[in-house]
Amino acid sequence: MTGHDSTMWATKAELKAFSAEVSPRITKLLETSALPLPAAVHKRAVRAAKSFSFTREVKLAELDEVVAFLATYGQFDRLNEIALAVAPTPHTGNATIYEPVREIIHTAAYFADRRVDATTLRALDPSVFVPADFTRPPGYLRGGQLRGMLEMPADEAVKYDVLPASYHAGSIATDLLVLASISVCGGSSTWTPERIDAQVKKNIAGVHAVPGYAPPTS
């Protein structure tokens, strides 16, 4: 990661100005009705688009989740457009706002690399590594932030059976963001490239298996 002088963070006013300029673009990109996605994913996109702003953590988290589903259903053109739109987000020193942006960029980069999409990789390259001040919890590269819904022991997984399909699909899909970011950041002895790729495929299949989240057939 590149270094960054924390005294040079962007101001909240600069983030607000960026949001005013770019949020309409994100809102437009969250119009997914023409994409072959499950109805439940379209509903998530509509919710994320409503009053979207880069200054609201909850809206960035919703955008993050939609990006995970775009990756799940192979909608890489839209994923890349969103990643390139958010890439210039000003660094204000607020990691809770920037982390979703970082995950979106890393997810686009991961899947572009797997598809040998050199154009997207070149476009994202300046934004892939963020200031070193944006640290992550110990164990991140060892998978400490993964929810691991598909790997839960049966006696633990049963506790989640009462939760709606949207919870299960979202939990499985958003692990793709973390896996992609682990990969882009170099992985670890625990999460090797081969294991990451295998888990990504498993999670995609896991989302598709959730009732209401099967890939549309027409």
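Contact means heavy atoms within 4.5 Å. Helices (H or I, at least four residues) are DSSP runs, numbered from the N terminus. This is a predicted model, in which local features need pLDDT of at least 70, side-chain atom pairs count only at pLDDT 80 or more, and totals for chains, interfaces and linings use all residues. Residues are numbered from 1 along each chain as its sequence is written, and side-chain values use heavy atoms, with hydrogens and water left out.

**The nonpolar core**

- The largest nonpolar core holds 61 residues, and Ile26, Phe54 and Val86 touch the most other members.
- At least two residues of this core come from each of α1 (12–29), α2 (39–49), α3 (57–72), α4 (76–86), α5 (95–114), α6 (118–128), α8 (165–184) and α9 (193–209).
- Such a core is a set of buried Ala, Val, Leu, Ile, Met, Phe, Trp, Tyr and Cys residues joined through side-chain atoms within 4.5 Å.
- Buried means under 20% relative accessible area, exposed over 50%, and partly exposed in between (1.4 Å probe, protein chains only).
- Apart from its neighbours within four places in sequence, Ile26 is in contact with Phe52, Phe54, Leu63, Ala85 and Val86.
- In soluble globular proteins, nonpolar side chains tend to be buried together.

**Helices α8 and α9**

- The angle between α8 and α9 is about 160 degrees, and their axes lie 9 Å apart.
- Axes are lines fitted to C-alpha atoms, for helices over the stretch in contact, and angles run from 0 to 180 degrees between N-to-C directions.
- The two helices α8 and α9 are therefore roughly antiparallel; angles under 35 degrees count as roughly parallel, over 145 as roughly antiparallel, 65 to 115 as roughly perpendicular and the rest as oblique.
- The crossing of α8 and α9 is left-handed, a term used if the near helix is turned anticlockwise from the far one by less than a right angle.
- Residues of α8 in the contact include Ala169, Ile172 and Leu176, and those of α9 include Ile196, Val200 and Ile204.
- Ten nonpolar, four polar and one charged residue make up the contact of α8 with α9.
- In this division, Ala, Val, Leu, Ile, Met, Phe, Trp, Tyr, Cys and Pro count as nonpolar, Asp, Glu, Lys and Arg as charged, and the others, Gly among them, as polar.

**Helix α3 and its partners**

- Helices α2 and α3 pack at about 150 degrees, with axes 9 Å apart, which makes α2 roughly antiparallel to α3.
- Val41, Arg44, Ala45, Arg47 and Ala48 of α2 meet Lys59, Glu62, Leu63, Glu65, Val66 and Phe69 of α3.
- The contact of α2 with α3 has six nonpolar, no polar and five charged residues.
- Helices α3 and α5 pack at about 15 degrees, with axes 8 Å apart, which makes α3 roughly parallel to α5.
- The crossing of α3 and α5 is left-handed, and their contact has nine nonpolar, two polar and three charged residues.

**Two individual residues**

- Tyr213 lies in the segment after α9 and is buried, with a relative accessible area of 3%.
- The C-alpha atoms of Tyr213 and Ala165 are separated by 8.5 Å, although these residues are 48 residues apart along the chain.
- Ala17 lies in helix α1 and counts as partly exposed, at 45% relative accessibility.
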